[in-house]
Amino acid sequence: MDRKYRVMIIDDEQSARKLMRASIDWESLNMEVVGEAASGIEAINTIDEIRPDIAFVDISMPFMDGIEFTQVATGRYPNLVIIIMTAIDKFEYARKCVSLPVFEYMLKPMVRAEITEVLERVKGKLDNSSDFWDDNKASSEGSSSKADSTETIKAYVEENYGDPKLNLAFIAQHFGFSASYLSRKFKQDTGKNFIEYLTGIRMTKAMDIARSGHKMYQAAAEVGIPDPNYFGRCFKKYAGMSYSDYVNSEDYEGRNAVHKTGA
């Protein structure tokens, strides 16, 4: 195994994410933490970029909880190793995951030795399996008649950008490709990563909504990112200012335009 196994931590508590990063000797396990998410929604939107082998998932999160994330993620990434983290008062709730392919359930606060023991077992499982992010079907998919045109996919995104579960894997599954093949094809045809394109569509729509004076949570829900914190970070990165500043700037420009025309 040449590469390190990639770990993603999904927890709405930043302190918990930082503690897990710092407390485990990832190097000795041939692992590295490559990404975090503060909600299931953020994780679904970024997982194709992060490409984890292992995901620690807190069961209690806003907007998309750990159970819903696990249902979506295991449906699209059947080889992803998911470790559910739950407080003892939520343990019965966690039992709803028993029908899902969860590798382990761990009670919070978690103990370093117990995490390490679970990760050693995960490593043994992964050492005996292939890299599921690699694409072994590219040649056969290249001649697929189901969706030869990237324009068809772009049109689908334009029409369905408001679905919070929309991401690369969802699109790939819908059009009959593997995610890795579609990722390469989309980048080759458009010059953009799929997540960049999807986020661009969503933020362009969000800016239109902002101009009408809607609240941020309304815009976030309408464009398929109901987690306002993640939406706010995406909007600021795309627009160069916060949502509220953008709304205020649009209000000012609108008032100024009315004043100049003498209306």
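At what angle do α7 and helix α8 pack, and how far apart are their axes? In this predicted model, α7 and helix α8 (residues 168-175) pack at an angle of about 120 degrees, and their axes are 12 Å apart. Helix α7 also meets helix α9 (residues 179-190), where the axes come within 10 Å.

**Packing of α7 with α8**

- The angle between the two helices makes α7 oblique to α8.
- The crossing of α7 and α8 is right-handed.
- On the α7 side, the residues in contact are Thr-152, Ile-153, Tyr-156 and Val-157.
- Their partners in α8 are Phe-170, Ile-171, His-174 and Phe-175.
- Sorted by class, this contact of α7 with α8 holds six nonpolar and two polar residues, and no charged ones.

**Packing of α7 with α9**

- Helix α7 (residues 150-160) and helix α9 cross at roughly 100 degrees.
- Because angles of 65 to 115 degrees count as roughly perpendicular, α7 and α9 are described as roughly perpendicular to each other.
- From α7, the contact is made by Thr-150, Ile-153 and Lys-154.
- From α9, the contributors are Leu-182, Lys-185, Phe-186, Asp-189 and Thr-190.
- The contact of α7 with α9 has three nonpolar, two polar and three charged residues.

**The largest pocket**

- The largest pocket holds about 490 Å³ of space.
- Its lining consists of 17 residues.
- Nearest the centre of this pocket lie Glu-49, Thr-199, Tyr-230, Cys-234 and Lys-237.
- At least two lining residues come from each of α2 (40-50), α10 (194-211) and α12 (228-239).
- Helix α10 supplies the largest share of the lining, with six residues.
- By class, the lining of the largest pocket comprises seven nonpolar, four polar and six charged residues.

**Backbone features in loops**

- The peptide bond from Lys-108 to Pro-109 is cis, and its omega is near -5 degrees.
- Pro-109 is found in the loop between β5 (104-108) and α5 (112-127).
- Arg-51 is not a glycine, yet Arg-51 has a positive phi of about 55 degrees.
- The loop that contains Arg-51 lies between α2 and β3 (54-58).
- Helix α2, at one end of that loop, is among the helices that supply residues to the lining of the largest pocket.

How values were computed
Residues numbered from 1 in each chain as written. Predicted model: local features only at pLDDT ≥ 70, side-chain atom pairs only at ≥ 80, totals over all residues. Heavy atoms only, no water. Axes fitted to C-alpha atoms, helices over the stretch in contact; angles between N-to-C directions. Helix = DSSP H or I, 4+ residues; strand = E, 2+ residues; numbered from the N terminus. Parallel < 35°, antiparallel > 145°, perpendicular 65-115°, else oblique. Contact = heavy atoms within 4.5 Å. Nonpolar A, V, L, I, M, F, W, Y, C, P; charged D, E, K, R; others polar. 1 Å grid on protein atoms, 1.4 Å probe; cavity = no way out; pocket = protein on both sides within 12 Å on 5 of 7 lines; lining within 4 Å. Points joined across faces, edges and corners; volume = space filled by probe spheres on them. Left-handed = near helix turned anticlockwise from the far one by under 90°.
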